[in-house]
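Please have the model open beside the text.

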Amino acid sequence: TCSLGYDSSPGRREKMSVVSDKWKETSIHEIGLSQNVIALAENGLAVGRRADPLPFLRDVCVKESNDRIHAYVRATRNLLLKLRKWFIATNEEIKSLNRSKEALEKALEHERKDIDLNYECTHLREQRTAKEKEPDGVDELLSKEVVRMSSLKRLLESQLRRVQQQLQALGMTRARLAAVIQERSRVADLICHSLASSVRSASVIRGGPVAPPRKKAHSAPTPFALKAENHDIPEGVMTPEASQVMAMATENIAKSEAIRKEVVSTISRAEVTQGSVHNAVNQGFSQKISMTLTLQQHLQVSNGETNLAGHKCQRYYGLQEKAQGYAMGPVASSDLTTRERLDRPVVKIYQRHPGTDLPEALHVIDATGTYVDSMQQTMKNLQLLKLAGSRLRDDIAHKKIAAGVDKGVLQLRRRKANHRWVMDSQPHKITSLPKSSGDRGNEGGV
């Protein structure tokens, strides 16, 4: 106990107690209550740690909502990527079909030019003398050529109309794809639209390695490859409009590919037929003057060499003029430097003795005269080269004029065989062509 009293042992002085028991018990009671409260608080803390919401509950809720949004947006992005593949495939097919259309138009233009050239050749053959105007095998070849070219022209025009109709259908499909892509992309503003990043993220999620992108030739995806990728799109993301427009794109692309194959085949047949007919007609104009053409080519080569020699002489004449100027020195004597003067100090000191003349002035005068003579000779050579070139050009012109009417027609056909020339605004009519032995009055025109 903590109480103090008097000590009853003998020999000791009695002591008084300074602390009462009640006061002590009150403090002890308070301490006990405090310990109970502490235990209760500790128990409450443990329960709170187990049952209370976490401090980052708001962040967790936000994350759950964002994950749900991201999942929908990713699915929408996958659909957008597939729609864009269809859009690119349709666009590339339109480009390919446009190229086929251009090839058709080019082939059709070639046929029209061949018909126009046929009339021009026939008209030139009418300039022959009266003795040579009797119908011959060449006239018959020209008549058969225009009939064959007219038939090919009608075939190409029919094929061109089909291509134009298919281009309109592909254009409508592309417009619908663009509208669907725009509608689906309204929820994909805050996500990457890159196809490579989507494929890379999918590889990371699957746990597979991410291969570096490889460059390869650009080609439109096939409809079957694109159709196999639609199974992983949720129903809420894949709308009926998207499904319909993909089916339409598949049908139009397949039809367009078939048309392009037909166009290639038609153009190939037309080119083969056109080439064979053209060569057959050219063979009718054979046995012409090849010696004149060979000699004309040699003259042209010699003319070019003469021009080259003339340019060399002209350049050398300019160099001689500059060298003469350097030898003569400046025009004004005030521009002479001290070291260039004939009376410079070192020369004056040297000439104080007799017999010390220097040949410097004589050498300069001789060099100037030599330059003048050389320039005169160069100018004379230049005049001779110009005269030779003029005579060569006259000879070339005479060789060009030496060809006859049949040679001129053959050269015309060979020159226009590449079809790199412009037709007249009003094409000629084929009704004026010479008629064959049969009924030749009903041949069509261009």
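Helices (H or I, at least four residues) and strands (E, at least two) are DSSP runs, numbered from the N terminus. By that count, the secondary structure of the protein comes to 10 helices and zero strands. Read from the N terminus on, the elements run α-α-α-α-α-α-α-α-α-α.

This is a predicted model, in which local features need pLDDT of at least 70 and side-chain atom pairs count only at pLDDT 80 or more, while totals for chains, interfaces and linings use all residues. Residues are numbered from 1 along each chain as its sequence is written, and side-chain values use heavy atoms, with hydrogens and water left out.

**Burial and cores**

Buried means under 20% relative accessible area, exposed over 50%, and partly exposed in between (1.4 Å probe, protein chains only). Of the protein's 446 residues, 27% count as buried.

A nonpolar core is a set of buried Ala, Val, Leu, Ile, Met, Phe, Trp, Tyr and Cys residues joined through side-chain atoms within 4.5 Å. The largest one has 17 residues, and Leu79, Leu83, Trp86, Leu177 and Met246 touch the most other members. At least two residues of this core come from each of helix H2 (57–125), helix H3 (137–184) and helix H6 (240–284). H2 gives the most to this core, with six residues. Another core, of 13 residues, lies apart from it and includes Leu156, Leu167, Leu170 and Val263.

Two packed helices are described by the angle between their axes and the distance between the axes. Axes here are lines fitted to C-alpha atoms, for helices over the stretch in contact, and angles run from 0 to 180 degrees between N-to-C directions.

| Helix pair | Axis distance | Axis angle |
|---|---|---|
| H2 and H6 | within 9 Å | roughly 25° |
| H3 and H6 | 9 Å | about 165° |
| H2 and H3 | within 8 Å | roughly 160° |

Angles under 35 degrees count as roughly parallel, over 145 as roughly antiparallel, 65 to 115 as roughly perpendicular and the rest as oblique. H2 and H6 are therefore roughly parallel to each other. H3 and H6, by their angle, are roughly antiparallel, and H2 and H3 are likewise roughly antiparallel.

A crossing is left-handed if the near helix is turned anticlockwise from the far one by less than a right angle, and right-handed if clockwise. The crossing of H2 and H6 is left-handed. H3 also passes H6 in a left-handed crossing, and H2 passes H3 in a left-handed crossing.

**Two exposed arginines**

Arginine 154 is found in helix H3 and counts as exposed, at 52% relative accessibility.

Arginine 186 sits in the loop between H3 and helix H4 (195–206). With 65% relative accessibility, arginine 186 counts as exposed. The C-alpha atoms of arginine 186 and threonine 76 are separated by 9.7 Å, although these residues are 110 apart along the chain.

**Charges over a ring**

A charge sits over a ring if NZ of Lys or CZ of Arg is within 6 Å of the ring centre and within 35 degrees of the ring normal. Tryptophan 421 has lysine 113 over its face, at 5.4 Å from the ring centre. Lysine 416 also lies over the face of tryptophan 421, at 4.3 Å from the ring centre.
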